[in-house]
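Subject: Handover of a structure

Dear colleague,

Please find below the structure that I am handing over to you.

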Amino acid sequence: MKTAVVTGAAKPESIGHEVAVRLQKEGMQVVVLDLYEEGFSSLPGCRCIKCDVSDATAVERAFASLKEIHVLVNCVGGSWEITQKDLRAGPRRGFLGLTNCSLEDWSTIRGANLDSVFYCCRAAAPLLKKQGGAIVNVSSVAARKGIPPGAEGSSGPYAVAKAGVMGLTRQLALELGSFGVRVNCVAPGVIASGRLKKVLRFSGDKGPEGPLKQIPMGRVGTVAETAALIVALCTDDTSYMTGVTVDINGASYAA
Amino acid sequence: MPLEGLRGRKALVSGATSGIGESICKRLAAEGVDVLATDIHPGAGIVVADLTRADEVEKLAARGTPDFIVNVAGGPVAPTRSETLPALPQGNLLLEDIDERQWSAVIAANLTTAYLVCREFAPRMKARKSGRIVNFASIAARRGSDRVGVHYAAAKGGIIALTKTLALELGPFGITVNAIAPGFIATPRIEQSGWGRTSPEAHRAFLEAIPLKRAGRPDDIAGVVAMLCSEAGGYVSGATIDVNGGLYFGP
């Protein structure tokens, strides 16, 4: 049985949750790393470990208990509900840009979105290299186009950290390619996750990256579509892809 | 597990007689897709058509409206009715080697074909409010190429622009439009011609420079087509997906 590690999967209605469920359906043993303990019972059959993946020591401890890894999916991230302290806080109101965020905002958001990916990839690499496998990271359309001033529910530091995830993906693709480990990335636009619902409660028809009616496909994406794409990047369907970021945004930004 | 959303659908695949197109047909058929395979070069189960001609594209449309259109037809040397599988060149195609006739023929084979097929079928897909279009670009358009010639690279660059534009135009109708940009894919035709192999050592060094340390196979591309036509491609549109073993990462 193959083993997959998925970070940020415990919250129901999240992309990570759906990825964990689908990888399990593919016949894999799924290990979930997340802070959100209440969600663990929604993933029966997964091995859920409470872990702050923005903490290098905690990540090393969690991975030390694993014997083998074939797939790593880094879904953890966001601009809010990303630390033990604000895990149930809901979205912050107002625009959070690079010029008005606190230094603490910057390091917290960078920690959850970029450092976490670095720590998990580093910890998983020795086991992935043994037999080959796949890493999929989750970036964002925000990395491509930034967050427009005034938009609520996302942040400038998030856009920058997610651009870092694309660069990390490329670098690791070079370092791990000869071991048969492919490293790819998806960059979702606005996806109908539990988080989006919380933002839309106060923002009306404005998504975290701007007005929803500006999306050419005329709708937001589904968690199922996004998870299906991530799973495809874990399988042999994408056997010759590495270092690539696949944009999934309803034609709202073509790179 | 099979990909969701493929079984029972209909696909039109051009350039289907050999190589990447043939592999796509097999893969989609294995997923339960009813495939209409077309090519200018005859073959088993192939509907022969010259897709640089609007009247022949129109004739194809009489066979029904597909759910998926996969525009594979093309290549750095344009086929004709009398020579449907022209020999690939031995050396690199340089600017001064390409005359106006070749320029026009290669643009037609790679770019006009996709335009005509989209123009014929998009209105029918719009009426249904659904559809998937997968076009074929190339690494030659993404990073440039010293091998395939400026006509081919320019045509494939045109494919990327056509893809982005149609994604905007057809998005409101629930139609996704994407492109795949393959890197070095060892199709039987390329293998037989030995194209680009100045020496065995140089070819080994070329493959060694690819992060995945190998040439691509037609199946590697077919998997990505299947992905884009499946549930996984439902919200992907306007994208050009690089499938090249890590040789080039895109913009």
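**Chain B: overall build**

In chain B, buried residues make up 52% of the 251 residues; a residue is called buried if 20 or more other C-beta atoms lie within 10 Å of its own, exposed if 12 or fewer do, and partly exposed in between, with C-beta atoms placed from the backbone. Please note that this is a predicted model, in which local features need a pLDDT of at least 70 and side-chain atom pairs count only at pLDDT 80 or more, while totals for chains, interfaces and linings use all residues. Residues are numbered from 1 along each chain as its sequence is written, and chains are lettered from A and ligands numbered from 1 in the order in which they are written.

The pLDDT is the predictor's confidence in each residue, on a scale from 0 to 100. For chain B its mean is 95, and 100% of the residues reach 70 or more. The model as a whole scores ipTM 0.96 and pTM 0.97.

Chain B contains eight helices and seven strands. Here helices (H or I, at least four residues) and strands (E, at least two) are DSSP runs, numbered from the N terminus. The radius of gyration of chain B is 17 Å, close to the 18 Å that the globule rule gives for 251 residues, so the chain is as compact as a globular protein of that length. This radius is taken over C-alpha atoms, and the globule rule is 2.2 Å times the number of residues to the power 0.38.

Seven strands of chain B form an open sheet with parallel pairing, in the order β3-β2-β1-β4-β5-β6-β7; two strands pair if DSSP finds at least two bridges between them. At the edges stand β3 (46-48) and β7 of chain B, each with a single partner strand, so one side of each is left without a neighbour in the sheet. From one strand to the next, the twist averages 20°. Angles run from 0 to 180 degrees between N-to-C directions, and axes are lines fitted to C-alpha atoms, for helices over the stretch in contact.

Within this sheet, β1 (residues 10-14) and β4 (residues 68-71) of chain B pair in the parallel sense over three bridges. B:Ala11 stands opposite B:Phe68 in β4(B). Helix α5(B) packs on the sheet, where it touches β5 (131-136), β6 (175-182) and β7 of chain B, and its direction makes about 165° with that of β6(B). Two residues are in contact if their C-beta atoms, placed from the backbone, lie within 7 Å.

**Chain A**

The secondary structure of chain A comes to seven helices and nine strands, and 58% of its 255 residues count as buried. Its C-alpha trace spans about 45 × 35 × 30 Å along the principal axes.

Chain A also has an open sheet of seven strands, in the order β3-β2-β1-β4-β5-β6-β9, with parallel pairing. Its edges are β3 (47-50) and β9 (245-248) of chain A; each has a single partner strand, so one side of each is left without a neighbour in the sheet. On average, neighbouring strands are turned by 15° against each other, direction ignored. Four bridges join β4 (residues 71-74) to β5 (residues 133-138) of chain A, and A:Val71 has A:Ala134 as its bridge partner in β5(A).

Two helices lie across this sheet. Helix α5 (residues 156-176) of chain A lies across β5, β6 (181-188) and β9 of chain A, at about 165° to β6(A).

**Where the chains meet**

In total, 33 residues of chain B are in contact with 32 residues of chain A. On the chain B side, α5 (150-170), α8 (218-229) and β7 (240-243) each supply at least two residues. The largest share, five residues, comes from α8(B).

Yours sincerely
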